[in-house]
Amino acid sequence: MKLLGIESSCDECSAAVVEDGRRVLSNVVLSQVDFHRPYYGVVPEIASRKHVEWIRAVVEDSLTQASVTTKEIEAIAVTFRPGLIGSLLVGLSYAKGMAWALGLPLVGVDHILAHLYAPQLEREIEYPFLGLLVSGGHTIIARVQRYDQIEVLGTTIDDAVGEAFDKVAKFYDLGFPGGVAIDKLSRSGNARAFHFPRPSLHKGEAYYDVSYSGLKTAVIHQSEQFWDGKSERSMANLAASFQRAAIDILVDRTLAAASDYGLRRIVAGGGVAANSYLRERFATETGVEVIFPPLNLCTDNAAMVAGFGYHALRDGKASDFSLNAEARVRMFKRKYP
């Protein structure tokens with residue numbers, strides 16, 4: 001079964017053809033980074049307009065690269081939540097029109113759940129496992145029961161980790177996307193030059209939650225208070241120290257949740273899953289298996305949407321044409337039933 005996937009939740013315009021939920025025949029991703037770089041963040045109006053301009057060509061390119069025609073496509077999977085509402089509506093509207101014209105089933109996909117499915121495109125991973133979803137908009141630690149069922153154990157109480165990277169990078173004029181810029185700069189820095197604080201969220205239901213507001217403030221406005229007094233006060237050292245603190249917060253909470261819930265397999269997804277220190281830090285841990293998607297499947301992409309959609313379709317979860325876009329999802333709040 002060949003599915004066409006369409007993803008337009010933020011600033012990546014993507015289409016892909018995936019066979020039987022695993023075999024990626026094409027995965028076209030057109031990034032808008034150059035258009036948003038002057039603003040150090042994604043501008044929703046620009047994002048939605050670029051999707052309108054690009055969506056048709058991106059879909060056609062995905063079919064061409066997969067060497068398939070529309071007659072060989074058996075269903076269309078499309079991201080409908082969460083994300084920028086204008087961007088979501090472009091992909092969803094195009095997918096609806098195409099599905100109606102071709103008489104194909106439509107499958108609405110939650111792209112956060114699709115991120116946790118992304119590593120399955122390379123290898124089959126047995127459920128349950130602990131999922132770590134880290135991106136510009138979300139930071140979620142969850143017990144993943146199956147491809148479409150998660151229990152949120154922890155989340156951010158303020159900024160997402162990717163958002164913190166972007167804001168620090170913007171303040172110090174390091175570049176955009178912030179996570180990529182800080183990761184690159186950190187490679188030449190001393191990660192122990194500044195001892196930035198970690199939040200203390202260890203009571204009651206908040207045990208696996210994370211927070212980045214305080215760390216962000218410390219890095220931007222109070223860095224001199226956390227300098228070790230002897231290392232060079234360079235941007236490379238500042239970036240490396242910030243990255244170490246931000247990632248250590250994630251890793252410590254994730255390992256605690258995995259231990260408490262008896263899960264020895266951790267699966268990461270989302271743009272921050274490409275961070276080199278996050279991968280290095282988990283690589284040093286023993287007693288757990290940590291699985292990352294390949295770098296090209298960390299950021300938003302349509303291959304994970306099509307792969308996820310295949311399983312939803314097999315479970316009889318096709319959508320009707322009343323499906324609408326949703327900017328936010330309550331399910332990703334901790335303890336939501």
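Biologist: Where is the place of P177?
Modeller: P177 is in the loop between α5, residues 161–171, and α6, residues 178–186. Keep in mind that this is a predicted model.

Biologist: What kind of peptide bond joins F176 and P177?
Modeller: A cis one, with omega at about 0°. For background, most peptide bonds are trans.

Biologist: And what about the bond from Y127 to P128, cis or trans?
Modeller: That peptide bond is cis too, and its omega is near -5°. P128 sits in the loop between α4 (111–117) and β6 (129–134).

Biologist: Back to the loop between α5 and α6. What is the phi of D173?
Modeller: Near 55°, which is a positive value, and D173 is not a glycine. D173 belongs to that loop between α5 and α6. As a rule, most residues other than glycine have a negative phi.

Biologist: Is D173 buried or exposed?
Modeller: Exposed, as the relative accessible area of D173 comes to 56%.

Biologist: OK, and what is the phi of S67?
Modeller: S67 has a phi near 60°, again positive in a residue other than glycine. You'll find S67 in the loop between α2 and β4, the strand at 75–81.

Biologist: Buried or exposed, that S67?
Modeller: S67 is exposed, with 63% relative accessible area.

Biologist: Where does A66 lie?
Modeller: A66 lies in helix α2. With a relative accessible area of 11%, A66 is buried.

Biologist: Which residues does A66 touch?
Modeller: Leaving out residues up to four places away in sequence, A66 touches V17, L25 and S26. If you want a distance across the model, the C-alpha atoms of A66 and T156 are separated by 39 Å, and these two are 90 residues apart along the chain.

Biologist: Staying with α2, at what angle does it pack with α3?
Modeller: The angle between α2 (residues 44–66) and α3 (residues 85–102) is about 40°, and their axes are 9 Å apart. The two helices are therefore oblique to each other. The crossing of α2 past α3 is right-handed.

Biologist: Which residues of α2 and α3 meet there?
Modeller: On the α2 side you have A47, S48, H51, V52, I55, R56, V59 and L63, and they meet G86, S87, V90, Y94 and M98 of α3. Sorted by class, that contact has eight nonpolar residues, four polar ones and one charged one.

Biologist: Which helix does W100 lie in?
Modeller: W100 is in α3.

Biologist: Is the W100 side of things buried or exposed?
Modeller: W100 counts as exposed, at 66% relative accessibility.

Biologist: New topic: at what angle do α8 and α9 cross?
Modeller: Helix α8 (residues 235–260) and helix α9 (residues 276–283) cross at roughly 45°, and their axes come within 10 Å. That makes α8 and α9 oblique to each other. Their crossing is right-handed.

Biologist: Which residues make the contact?
Modeller: From α8, the contact uses Q243, R244, I247, D248, V251, D252, T254 and L255, while α9 brings in Y277, L278, R281 and F282. By class, the α8 and α9 contact has six nonpolar, two polar and four charged residues.

Biologist: How many disulfides does the structure hold?
Modeller: Zero disulfides.

Biologist: Last one: where is V152 found?
Modeller: V152 is in strand β8, which covers residues 149–155. V152 is buried, with a relative accessible area of 4%. V152 and L130 are 9.9 Å apart, C-alpha to C-alpha, and 22 residues apart in sequence.

How values were computed
Residues numbered from 1 in each chain as written. Predicted model: local features only at pLDDT ≥ 70, side-chain atom pairs only at ≥ 80, totals over all residues. Heavy atoms only, no water. Disulfide = S-S within 2.5 Å. Axes fitted to C-alpha atoms, helices over the stretch in contact; angles between N-to-C directions. Helix = DSSP H or I, 4+ residues; strand = E, 2+ residues; numbered from the N terminus. Parallel < 35°, antiparallel > 145°, perpendicular 65-115°, else oblique. Left-handed = near helix turned anticlockwise from the far one by under 90°. Contact = heavy atoms within 4.5 Å. Nonpolar A, V, L, I, M, F, W, Y, C, P; charged D, E, K, R; others polar. Buried < 20%, exposed > 50% of the residue type's maximum accessible area, 1.4 Å probe, protein only.
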